[in-house]
Every structure is written in structure tokens, then in C-alpha cells.
Amino acid sequence: MIVIEDVHKHFGGFRAVDGATLTIQDQSITGLIGPNGAGKTTLFNVIAGVLKPTSGRITMAGEDITGLPPHELFHKGLLRTFQIAHEFGSMTCRENLMMVPGGQSGERLWDTWFGRKRIADEERALKAKADEVLEFLTISHISNLRAGEISGGQKKLLELGRTMMVDAKIVFLDEVGAGVNRTLLYTIADAIKRLNEERGYTFVVIEHDMDFIEKICDPVICMAEGKVLAEGTLAEIKANEQVIEAYLGT
Ligand code: ADP
């Protein structure tokens, strides 16, 4: 469980996050919605260690994680997905997945200097894991395609795949649906739901597509002007007058 207490993030005099308080329950798929400029992405980046909060406190299972850098949070199983960087576009989808664990363990990489057999064993294990991840995400058919050539939705699935390579526990996903066709959007929703139900992942998802939110998110948290306005099921949120006003005001 992650508890976010009175978190502020100011840019100069501007209060992008202005006293946000919320709880993310273990094994939930929490949807974060709100009009543009509400502070959702900034709050995400503060929780995931990309930005340091101006003030406030964040705890994970009771442990203070306020201001920890992303790599430390990564080792605790908390990570934010990022778009696949341009320079990885020429590698295949499978290779992109195989890169992930190698990048996190200096010792293991060091170990591999000492034996070709170990290198071969590690590579085989990584490849098997990458293939298992691709199959789980129903994208085995793109294993050998270059990541730069696949569609936006497939890239989102590959980003999700990277979290599976490191057995993440809590995953922050930003704008899954932007520019993704409906069929793939539902494939992504289904993968998130299965990761949640079968593997105990917790998700926090920023999304504008209400069908997507309705399909998988409970609870839904609505932010506006840097604060949490309301929390509940999507039906409750949609009926909330403050929420309606916040959306109409934009
Ligand atoms: P949302 O994700 O809800 O659309 P953001 O968190 O991206 O909102 O942005 C909230 C507000 O903070 C916006 O008005 C945005 O312009 C501002 N903002 C975000 N990042 C910065 C920054 N690095 N410097 C200055 N202002 C920023």
C-alpha cells in the first residue's frame, strides 16, 4: 500500500501538485483522471522518484520512500513505464526485453566475464523469459520485429513487458490509450487485468479513455488543480458535482 500525504510540487511559484492526499491499495488498478493540467503526470513523477516533491510524505508498506531516486524504487518493485527510447528502435522486441534485467545488475554482468558457459546459460534464461512475456502479452508474432517498426499500441505492450522482465510489483502507466486503436487498447486492458489478477501486480494508470477506465479501474481518483477532488467507482466519480464542474471549467 502506498500512502501519499499532502504532497506538493511547485515549479517556481506555480503549484502543479498542491496538497495531494491519496492511498493506493495493494493489488488495485487505480485510475487517475482529471482535466489537462490537473497535475496527474507531475504527481506520478513525484511518486516514481523522477521529481522530488516540494513537501509532503510518501510511504510504501509503512516505509518512507519520499524523494528516493527511481533506481532505488525499482529495487523495491515500483516503477514507471517510459516510452521505448529512440536508440532501442533498431533492436528487436525480444532484444529490448532481454536488455532490461542486464541493465540493472552490475554484479551479474561482471560475473559473466568469467565464463562463456555462464553467458550462454544467462542468455538462454533471458530469452526464455522474454518469450514467455511476449506470449503472455499475445505479441509473440512481433518478437523479431524492430521496436522502431511496431505500432503505438504494440509499443505500449512492450513497455508493459519490460516491467514483467523485472517482476515489478507496482507499475505506473501514463496515457496508455493515446493514439492506440481500440482492438489493441482492449488487448492492453486485458493484459493489465491478467497481470493484476494472476500475478498480483498493482497498477496506477493515467488515462483519458473512459471505456478503458471503466473496463479495468477500481477505484478511480479524480484530480483537479493539483488536488484530489474525488475517489470512488467510475459511476460515483461521473456523478460527482465537483468533478463535473472541474471538467466543464476547462
Ligand atoms: P496533467 O498530467 O494532469 O495534464 P501535469 O502534471 O502535466 O498535468 O501538469 C500540471 C501543471 O504543471 C501544468 O500547468 C503544467 O504546465 C505544469 N508543469 C508541469 N511540469 C512543469 C515544469 N517542469 N515546469 C513548469 N511547469 C510545469
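Helices (DSSP runs of H or I, at least four residues) and strands (runs of E, at least two) are numbered from the N terminus. The structure is a predicted model, in which local features need pLDDT of at least 70 and side-chain atom pairs count only at pLDDT 80 or more, whereas totals for chains, interfaces and linings use all residues. Residues are numbered from 1 along each chain as its sequence is written, and side-chain values use heavy atoms, with hydrogens and water left out.

**Stop 1**

Select Pro219, which is found in the loop between helix H8 (210-216) and E9. Display the backbone here: the peptide bond from Asp218 to Pro219 is cis, with omega near 5°.

**Stop 2**

Continue to strand E9 (residues 220-224), which is joined to strand E10 (residues 227-232) by five bridges, the two running antiparallel. Two strands count as paired if DSSP finds at least two bridges between them. Select Met223 and then its bridge partner in E10, Val228. The hairpin has two residues between its strands, and Glu225 there takes a positive phi near 50°.

**Stop 1**

Phe172 stands opposite Val204 in E8.

**Stop 2: the four-stranded sheet**

Next, select the open sheet of four strands in the order E2-E1-E4-E5, in which the pairing is antiparallel. Its edge strands are strand E2 (14-24) and strand E5 (63-64), each of which pairs on one side only. Helix H1 (residues 40-47) packs on this sheet and touches strand E1 (2-11), E2 and E4, contact meaning heavy atoms within 4.5 Å. The direction of H1 makes about 115° with that of E1.

Between strand E4 (residues 55-60) and E5, which run antiparallel, there are two bridges. Thr59 stands opposite Asp64 in E5.

E1 and E2 pair in the antiparallel sense over eight bridges; select Lys9 and its bridge partner in E2, Val17. These strands form a hairpin with two residues between them, and Gly12 in the turn has a positive phi of about 60°. Now select Asp6, which lies in strand E1. Phi of Asp6 is near 45°, a positive value in a residue other than glycine.

**Stop 3: the ligand**

Which residues are around the ligand? Select Phe11, Phe14, Ala16, Pro35, Asn36, Gly37, Ala38, Gly39, Lys40, Thr41 and Thr42, the criterion being a heavy atom within 4 Å. This shell divides into five nonpolar, five polar and one charged residue, where Ala, Val, Leu, Ile, Met, Phe, Trp, Tyr, Cys and Pro count as nonpolar, Asp, Glu, Lys and Arg as charged, and the others, Gly among them, as polar.

Inspect the polar contacts, defined as pairs of N or O atoms within 3.5 Å. A polar side-chain atom of Thr42 lies 2.5 Å from an oxygen atom of the ligand. For Gly39, a backbone N or O atom lies 3.0 Å from an oxygen atom of the ligand, and for Ala38 the corresponding backbone value is 3.1 Å. Taken alone, the ligand exposes 570 Å², and the protein buries 57% of that; accessible areas come from the Shrake-Rupley method with a 1.4 Å probe. E2 and H1 are the elements that give two or more residues to the shell, and H1 gives the most, with three residues.

Note on methods. Axes are lines fitted to C-alpha atoms, for helices over the stretch in contact, and angles run from 0 to 180 degrees between N-to-C directions. A polar contact is a pair of N or O atoms within 3.5 Å; within protein, one must be able to donate a hydrogen and the other to accept it, and residues adjacent in sequence count only if both atoms are side-chain atoms.
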